Amino acid sequence: MAITWNNGTTTYTLPAPGKTGHRVRKVSQSATRRAVSGRLGIDLRPAYWQITIPWPMLTQAEKTALETAYNACAGIASTLTLLDGRSFTVLAAQYDFPEDTVMDVDDAPFYSVELQFEEVL
Amino acid sequence: MQATNTAGAAFSAAFQTACMADARTPACKVYIQWDGANWVDETLNLVSHQGEARLSAPDDSALLGQGTVGSATIALNNRNRRYSRLASGGDASLRAAFGGRGGVSRRGVRIYQGFTVGSPVPAPEYCQIFDGVIYDWADDDDQMLFSLQARDRGNLYLQTKVSTPVRRNYRLDEWIAELADAAGIAAGDRSLEPALFTVPWAWADAEGVMSEMGRAAQADGGWLYWNHHGKLLFKNLLAWAGQSSVWTITADDLTAIQPGQQIDLLATEVAVEWQPRQADELGVCFTLDERKIIGPGQTIEFEAKSGQPVWSYFLPEKDTDYRLVSSGGGDMNEHATVTLVEAGRNAQRATVRVTNNHATLPMILIWFQLRGIKLQGGPSQEIVVAATTPPLTGTYRRSVPSNVYIQSDAQATALASFLAERNSRLQPLWRLSLMRGTPAFELGDRITFSAAGRSVETPRDGHILAHAWEYGDDGFFSQTLEVLDREYLYPYSDYFVIGSTALGAGRAWY
């Protein structure tokens, strides 16, 4: 199964993230405060999922495919489906597309990219 | 304390429990009247809101008069450039509103705050904590945030000037109602308690309506302010006298408690100025300084302004008050109708209407005067009342500035006596930082508070002078109250309250 990203119009199949897989984390928005007596108060707010996907050592073609999908989906509430079949309505956080480049012995570039997504509630 | 939610029903038990619960789920709504007519729910883009409502400046709780302006700040997510006037991604209807001559200035804003409560299916229940208008706005392009600065409903009337006829023996709340009518504040948008004092003479001549109503409230020792529902409220000096405590706050509910006092209010005596007024004899109050030409069959109107208020105008009489001639100098008085416009008769200005009834000849108004009974102001007088038990050695006099609605010895004496006692001791002031905000609080509410192990071991009562709230960035709905301690406000508990206490019962106030 592949990771897909749908912006409401087009479904993009993203490169396989490699053996590192992806990281998902449920982020609490709830806040706590303590009264002068020591009593604790909690104001609850819905938690949301934060998803981080690293793509180590992408070829230039794979990186271009990922960037194309990113350009079409970033900033739009879109559907991200992960390797395990779970899907989330997400925004690509902070609009970043960080890439680290290394060159192999033949001077061919390889790119490591890590994208972060935040669930839209 | 508000009693009903935004659906118009009494607050549910679950809502009241949520106000003080250890764990609760805050919910809020923000509505904006972008086009001046339709309320648009902008909650989906809400990042945070905060605001403040206040009865008085911190150094002046003894004679409040006009409340300070309530305000709110709302931050909205502008991710899709919804609120950016020139961005193509924005909303077309909003672009139209922002692009108008006045932008979205003075468009309505409402904030509801509440909790998600109930079972088996929890649902949000709200109460309204702010009703006002947009004052200013800012688009943070980098952060993609749009923020609105809002002011209470009084902002709509800040520049409104009103003129009225002279009124005699009006109760001050009736006078405030007349000013409100003149400004276009609908009867349903105000709630005025009966005032304690009647003012012998009252009038307005192109006066700012908000400051004038504030002066009238001050002359009664009362408060005038706009509440969270966008209503204009007037409370008389005894509004708090018979009030019961509506909420109890303990150390479990406070993150901080800070005692203070209003040191600058201390006085050994209080001076109140009053300004006597009396009707003068019939006299000339306006003389026309120019000639006016009226064509055949034509009607003109002009304004006759007087330097002094006129209690009663005399209708202009031909030969005595005006003379109209033809271009050849012939008498035209018989061919003219000269009168005063009923709606234009105000204290210091009257609209004069002259009609030329002649079919062919123009006429010239070469002389005109308006007679009436003017009001004469006597020299200001002052009542000075010393504190029964002075708080300080030496003389510390606090003066109530000149107020045109303090016109009698009795009124000035009552206010001075009240203030002399009120200011003869320090009035404790408490700043309570609440761990859990309670959105239903209203200004003036009597609450009971204590903080065992801190500065207040045993429960005290006080009235909310100001409350500030914040909800958003840190996920907490928090609130800070400024509370005037009640211990020395009313020495007795059985005052006669107009409209509340039965006749024959209760203690008279001063």
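This is a predicted model: local features need pLDDT of at least 70, side-chain atom pairs count only at pLDDT 80 or more; totals for chains, interfaces and linings use all residues.
Residues are numbered from 1 along each chain as its sequence is written, chains are lettered from A and ligands numbered from 1 in the order in which they are written, and side-chain values use heavy atoms, with hydrogens and water left out.

Helices (H or I, at least four residues) and strands (E, at least two) are DSSP runs, numbered from the N terminus, and two strands are said to pair if DSSP finds at least two bridges between them. Strand 31 of chain B (residues 446–451) and strand 32 of chain B pair in the antiparallel sense over 5 bridges. These two strands form a hairpin with 4 residues between them, and B:Gly453 in the turn has a positive phi of about 85°. Strand 32 of chain B also pairs in the antiparallel sense with strand 33 of chain B (residues 478–485), over 8 bridges, and B:Ala466 stands opposite B:Glu482 in strand 33 of chain B. The hairpin of strands 32 and 33 of chain B has 6 residues between the strands, and within this hairpin B:Gly472 takes a positive phi near 150°.

From strand 6 of chain B the pairing continues to strand 9 of chain B (residues 145–152), which runs antiparallel to strand 6 and is joined to it by 7 bridges; here B:Ile74 stands opposite B:Leu148 in strand 9 of chain B.

A separate description applies to the open sheet of 3 strands in chain B with the order 22-26-25, in which the pairing is antiparallel. Because strand 22 (299–305) and strand 25 (336–340) of chain B stand at the edges, each with a single partner strand, one side of each is left without a neighbour in the sheet. Strand 22 of chain B pairs with strand 26 of chain B (residues 349–356) over 7 bridges in the antiparallel sense, and B:Arg353 in strand 26 of chain B is the bridge partner of B:Glu301.

Two backbone features of chain B lie in loops. A cis peptide bond, with omega about 0°, joins B:Ser119 and B:Pro120, and B:Pro120 lies in the loop between strand 7 (108–117) and strand 8 (123–140) of chain B. B:Arg106, a residue other than glycine, has a positive phi near 70°, and its place is in the loop between helix 2 (92–99) and strand 7 of chain B.

The two chains meet in a contact (heavy atoms within 4.5 Å) that takes 18 residues from chain A and 26 residues from chain B. Chain A and chain B bury about 1900 Å² between them, 51% of it on carbon and sulfur atoms, where buried area is the accessible area (1.4 Å probe) that two parts lose on being put together, summed over both. A:Arg33, A:Val36 and A:Asp43 supply 36% of the area that chain A buries against chain B, more than any other three residues.

Across this interface of chain A and chain B there are 3 salt bridges, a salt bridge being a side-chain nitrogen of Lys or Arg within 4 Å of a carboxyl oxygen of Asp or Glu. The side chain of A:Arg39 meets that of B:Asp22 in a salt bridge (2.6 Å, N to O), and A:Arg39 also forms a salt bridge with B:Asp252 (3.5 Å, N to O). A:Arg39 lies in the loop between strand 4 (31–34) and strand 5 (40–43) of chain A, and B:Asp252 in the loop between strand 17 (247–249) and strand 18 (254–261) of chain B, so the pair joins two chains. The chains also share an open sheet of 3 strands in the order 4(A)-5(A)-1(B), with mixed pairing.
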